[in-house]
Amino acid sequence: MNNDKNTTDFDYFNTLLVHSVGGRVGPIAPAIIPSAAFGYENAQEAEGIFAAEVNKPLYARIGNPTNAKLEGIVAKFEGGFGAIATSSGMGAISMVCTAFLNTGDELLCIGGFFGGTYSLVNETLARFGVTNSFCTVDDFAHIESTLQRGVKMVIMESVGNPSLTLPDVQRIIDLCNTYETLLMIDNTATPLLLRPLAMGADIVVHSSTKNMSGHSAALGGVAVFREVKEEGDKLLNEKYADVHKIVKKMGKKAFIPICKKRAIRDFGMTANAFGSFMTMVGLETLSLRVERINQSVEKISLLLDEKFPEGVSVNHPCLPASPDNARYKADFAQGCGPLLSIDCGTKERAFALLNKLDLVILTANIGDNRTLALHMRSTIYSDFSEEACKFLGVSDGLIRVSIGLEDPQVIAEDFLQAASSL
Ligand SMILES: *Cc1c(COP(=O)(O)O)cnc(C)c1O
């Protein structure tokens with residue numbers, strides 16, 4: 001495997017993924033074990049399972065063998081120590097937040113966010129007394145002063161959705177480590193392209209509904225964790241005192257029982273076996289699809305940039321005029337995920353373009369094998385204030401596009417014919 005942190009060896013992951021998902025002897029496809037409950041050998045074994053001393057299934061809300069297979073695969077390709085599969089991407093994010101945050105704690109949110117994460121932090125966690133502040137990816141004055149103040153957790157997306165802003169991931173990871181603050185990175189848009197745990201982050205979350213599956217056949221999420229250090233781990237900082245008991249008892253793997261005991265057990269955002277099976281079916285071809293789609297995104301962005309009529313523009317960091325172009329070339333040389341955006345100026349013009357598309361599908365998903373598009377302000381962000389939309393980069397004429405596996409020339413032609421009649 002190529003060890004340069006900025007270069008993904010897609011061939012390495014093609015081999016790893018098909019052989020991790022598939023068995024060699026007996027059934028090749030992963031087994032679906034839908035049982036909600038599991039019988040114990042005897043009373044002693046039951047006691048051991050509940051004490052986490054015997055590694056066997058307890059009850060499906062806490063874990064299930066099909067989920068466990070998926071968790072092992074994702075932990076491996078993310079370079080993590082362990083993972084937990086959840087009911088959805090929001091399930092993974094809310095599991096981590098509720099496992100670590102208490103009333104009165106503060107969250108720092110860096111960059112533009114997916115709508116669900118934004119409302120989780122701003123509305124739902126706020127109702128439970130968790131305060132927050134948001135800042136742009138390069139506002140290091142705010143980032144550092146907030147970390148200094150002792151904020152409990154930092155959240156960031158690898159690539160802003162739908163803003164497509166690119167953070168200086170390594171610099172933010174290093175700051176969070178200096179100030180012993182937990183950092184959760186939402187890597188939904190960039191599986192394989194960015195490996196935050198290998199760079200020093202604590203927790204990576206994914207909506208596996210998106211790129212990991214690709215087929216839109218399974219809602220799911222995964223949280224992946226680093227190993228807890230035997231000595232001097234940031235979890236031993238005084239601000240994490242309420243998990244110290246678990247860290248001391250469970251050692252290296254403590255992130256898993258912290259999330260299971262303090263979130264999954266009580267909130268139940270667990271993955272189901274069939275969903276995890278479908279996610280694994282998608283994962284077999286993840287590397288192949290990520291490589292193909294990220295090449296297509298660049299080709300299509302360049303074509304649209306060259307050929308769109310006056311008044312319609314395409315935004316992607318691969319374009320020389322993009323403010324993030326230098327960071328793209330340095331840190332995301334093989335792509336930053338399936339998204340690009342199109343700004344039509346007004347809602348009316350955006351609707352007119354969308355309604356002229358023949359091939360592209362209108363839906364709220366991303367990372368699908370098919371190309372998808374959606375007007376942002378009237379859908380996912382319809383509840384949001386003007387101010388929030390401005391911060392998140394959601395303008396009135398903005399269309400988010402998620403590029404799929406179709407012929408890139410054919411995709412570009414569909415957008416060009418739709419724009420030509422505006
Ligand atoms: C879709 C998405 C989520 C939420 O995932 P669900 O599986 O829909 O719950 C979180 N983060 C990002 C970046 C997403 O695109």
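Predicted model: local features only at pLDDT ≥ 70, side-chain atom pairs only at ≥ 80, totals over all residues.
1. Residues are numbered from 1 along each chain as its sequence is written, and side-chain values use heavy atoms, with hydrogens and water left out.

2. Seven strands form an open sheet with mixed pairing, in the order β1-β7-β6-β5-β4-β2-β3, where strands are DSSP runs of E with at least two residues, numbered from the N terminus, and two strands pair if DSSP finds at least two bridges between them. The edge strands, each pairing on one side only, are β1 and β3 (131-135).

3. β1 runs antiparallel to β7 (residues 221-225) over 5 bridges, with A83 opposite V224 in β7. Helix α9 (helices being DSSP runs of H or I with at least four residues) packs on the sheet and touches β1, β5 (182-186), β6 (203-207) and β7, contact meaning heavy atoms within 4.5 Å.

4. The largest pocket holds about 930 Å³ of space; on a 1 Å grid over the protein atoms alone, a pocket is an open set of points where a 1.4 Å probe fits, with protein on both sides within 12 Å along at least five of seven lines, and lining residues have an atom within 4 Å of a point. Of its 27 lining residues, A52, N55, I62, I256 and K260 are the closest to its centre, and α9 gives the most to the lining, with 5 residues.

Technical notes
Points joined across faces, edges and corners; volume = space filled by probe spheres on them. Axes fitted to C-alpha atoms, helices over the stretch in contact; angles between N-to-C directions.
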